[in-house]
Amino acid sequence: MGILEKISEIEKEIARTQKNKATEYHLGLLKAKLAKYRAQLLEPSKSPAAKGEGFDSTFLSLMTSTASEAASYEFTTLTCIPGVIEYKGANIQLLDLPGIIEGAAQGKGRGRQVIAVARTADVVIMMLDATKGEVQRALLEKELESVGIRLNKSKPNIYFKPKKGGGISFNSTVTLTQCSEKLVQLILHEYMSTSEIFNAEVLFREDCSPDEFIDVIVGNRVYMPCLYVYNKIDQISMEEVDRLARRPHSVVISCGMKLNLDYLLEKLWEYLALTCIYTKKRGRFGMESDQVGCEEGADCVEWVIALVERPDFTDAIILRKGASVEHVCHRIHRSLASQFKYALVWGTSTKYSPQRVGLTHMMEHEDVIQIVKK
């Protein structure tokens with residue numbers, strides 16, 4: 001029996017098994033087997049994939065400068081089409097992937113290749129037809145879930161580490177209502193095929209389910225944000241538009257009428273959690289006195305190099321939210337942090353403009369920084 005047949009049989013058995021206290025161990029074992037077989041499906045194929053021709057979607061043409069031939073029917077994208085969105089000083093790469101059909105996780109419709117690309121993304125934009133209700137969303141979530149992509153979820157707070165000896169050490173810092181020590185041992189015995197099954201350290205820091213524990217021991221799960229984008233809202237009632245717009249992580253648009261695309265870009269920027277930082281060179285042709293706020297919050301007046309040159313707003317440094325001055329230094333040059341003396345920062349992260357700060361100062365969006373070396 002092949003892997004696909006085994007997966008199908010296990011899924012059918014899980015579906016017909018009634019979930020209760022008496023069957024929780026049996027279900028846990030089935031889910032561990034299912035995770036093991038699905039992990040084998042994710043292994044790269046040795047045979048070369050066939051090349052195909054296709055054209056990208058209306059959405060890609062509207063959001064990027066990529067020229068596109070559009071069609072009103074489904075699955076118009078047959079290959080991965082790249083485009084670039086220029087927004088807030090950042091170049092955001094958008095990959096328009098072919099549509100996923102039922103059974104994509106098992107390889108149907110080149111689904112494994114599509115999903116392999118999706119696993120490397122920072123954000124998934126799930127394009128849905130607003131006229132088709134929730135059928136598409138449920139199908140796509142199921143296919144992505146089955147190959148280890150967890151949408152809008154955080155990694156389970158479980159510490160798991162195989163060791164050479166000492167048996168299984170099981171502890172928890174919270175009351176567990178979904179997993180027990182016995183179930184954890186059974187899952188480990190079923191999933192892992194080496195001597196490590198008898199030697200591992202497990203610590204639950206939150207009340208997690210057996211599925212979440214399996215995700216931790218498998219170790220190849222990807223946790224990423226997802227925006228559910230409902231297109232064609234011009235073809236449904238206002239009541240339905242309002243209902244879809246109020247769903248978590250959802251945005252409603254119309255590519256045909258170019259409705260709400262600006263808001264989609266704002267949400268995409270929010271989910272990417274990016275920050276633009278602008279740099280400013282030291283002036284060379286004069287000096288002036290200025291009141292500079294020290295990092296500790298005290299006022300100090302000193303002579304600083306004249307800020308003759310304006311900040312470079314044409315070439316932003318793009319970092320993740322929560323980046324510090326040290327991250328900025330590393331992005332400019334790997335040796336800059338070791339030569340760092342102090343920095344002057346203008347923007348919302350400071351109490352004064354400019355404020356003299358150190359390497360640990362946290363930067364915010366559209367801050368301007370001038371770095372002074374030793």
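**Close-up views of a predicted model**

**View 1. The pairing of strands S15 and S17.** In this predicted model, Leu344 has Gln370 in S17 as its bridge partner. Strands S15 and S17 are paired in the antiparallel sense, over 6 bridges. S17 is also joined to S11, here by 3 bridges, and these two strands run parallel. On that side, Tyr278 stands opposite Val368 in S17. Of the 7 residues of S17, 6 are buried, so the strand is largely enclosed by the rest of the structure.

View 2. Which residues of H10 are buried? They are Val325, Val328 and Cys329, and, seen down the axis of H10, they fall within an arc of 100°, so they line one face of the helix. An α-helix has 3.6 residues a turn, so residues three or four places apart point the same way. The buried residues of H10 pack against S11, S14, strand S15 (340-346), strand S16 (355-357) and strand S17 (367-373).

**View 3. Ala323 in the loop between S14 and H10.** Ala323 lies in the loop between S14 and helix H10 (325-332), and it counts as buried because its relative accessibility is 8%, under the 20% limit for that class. Leaving aside residues up to four places away in sequence, Ala323 touches His361, Met362 and Met363. Although Ala323 and Met363 are 40 residues apart in sequence, the distance between them in space is 5.9 Å, C-alpha to C-alpha.

**View 4. A phenylalanine cluster and two charges over rings.** Ring pairs link Phe160, Phe170, Phe204 and Phe213 into a cluster. Elsewhere, Arg137 lies over the face of Tyr228, at 3.5 Å from the ring centre. The charged end of Arg356 likewise sits over a ring, that of Tyr342, 3.9 Å from its centre.

**View 5. Confidence along the chain.** The pLDDT of the chain averages 78, and 75% of the residues score at least 70. Confidence is highest in strand S10 (residues 250-252), at a mean of 94, and lowest in strand S13 (residues 299-305), at 46. Over residues 48-56 the pLDDT is below 50, and this stretch has 22 contacts in the model beyond near neighbours in sequence. Residues 285-291 also have a pLDDT below 50, and that stretch has 19 contacts beyond near neighbours in sequence. Where pLDDT is low, the predicted coordinates should not be read in detail.

Conventions: Residues are numbered from 1 along each chain as its sequence is written. This is a predicted model: local features need pLDDT of at least 70, side-chain atom pairs count only at pLDDT 80 or more; totals for chains, interfaces and linings use all residues. Side-chain values use heavy atoms; hydrogens and water are left out. pLDDT is the predictor's confidence in each residue, from 0 to 100. Helices (H or I, at least four residues) and strands (E, at least two) are DSSP runs, numbered from the N terminus. Contact means heavy atoms within 4.5 Å. Rings of Phe, Tyr and Trp (its six-membered ring) pair if their centres lie within 6.5 Å; planes under 30 degrees apart count as stacked, over 60 as edge-to-face and the rest as tilted. A charge sits over a ring if NZ of Lys or CZ of Arg is within 6 Å of the ring centre and within 35 degrees of the ring normal. Buried means under 20% relative accessible area, exposed over 50%, partly exposed in between (1.4 Å probe, protein chains only). The arc is that of the directions from the helix axis to the C-beta atoms. Two strands pair if DSSP finds at least two bridges between them.
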